[in-house]
Amino acid sequence: MNIPANLKYTKDHEWVSIDGEIATIGITDFAQKELGDIVYVEVETLDQTLNKDEVFGTVEAVKTVSDLFLPLSGEIVEFNDSLESDPETVNSDPYGKGWMVKVKIANVAEIEELLSSEAYKKLIGA
């Protein structure tokens, strides 16, 4: 199971990479394996400001649709457009080309509430 140490994680299986005031967000390797083959990623919240834990989109796999929860409050400033034509990139490269959104962080204190890679490993029993 791939759980990079340089990222932060949520109990809802999203990963977060922080670069200044911008957070890049995607779903974890564990989540994409649990979902199976991803066929569609929908994010209709571009340019909207959402609170932590609000739904920012959905990911659709062959057997299920799953909500995506925002791990940090802020404005969704970018959507990974390549996922519209290649949603399976989330399966093949969840921490790289399979990122989903970029968020301008509204409350940096929320970063402290995210899980470390070690805490996330314990959560999923890895």
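Which residues does Glu110 touch, not counting residues up to four places away in sequence? The contacts (heavy atoms within 4.5 Å) are with Lys52, Leu72 and Ser73. Glu110 sits in the loop between β9 and α4 (117-124), helices being DSSP runs of H or I with at least four residues and strands runs of E with at least two, numbered from the N terminus. Glu110 is buried, that is, under 20% relative accessible area with a 1.4 Å probe and protein chains only. Even so, Glu110 has no salt bridge (a side-chain nitrogen of Lys or Arg within 4 Å of a carboxyl oxygen of Asp or Glu). Lys52, the nearest side chain of opposite charge, is 6.0 Å away; Lys and Arg count as positive, Asp and Glu as negative, with His and the chain ends not counted.

A word on the model: it is predicted, with local features needing pLDDT of at least 70 and side-chain atom pairs pLDDT 80 or more, while totals for chains, interfaces and linings use all residues. Residues are numbered from 1 along each chain as its sequence is written, and side-chain values use heavy atoms, leaving out hydrogens and water.

On to the sheet. Six strands form an open sheet in the order β1-β2-β3-β9-β8-β5, with antiparallel pairing (at least two DSSP bridges between two strands). β1 (8-9) and β5 (49-50) are at the edges with a single partner strand each, so one side of each lacks a neighbour in the sheet. Strands β3 (residues 22-27) and β9 (residues 101-105) pair over four bridges, and Thr24 stands opposite Lys102 in β9.

Thr10 belongs to the loop between β1 and β2 (14-19) and is buried, at 9% relative accessible area.

Definitions and conventions. Buried < 20%, exposed > 50% of the residue type's maximum accessible area, 1.4 Å probe, protein only.
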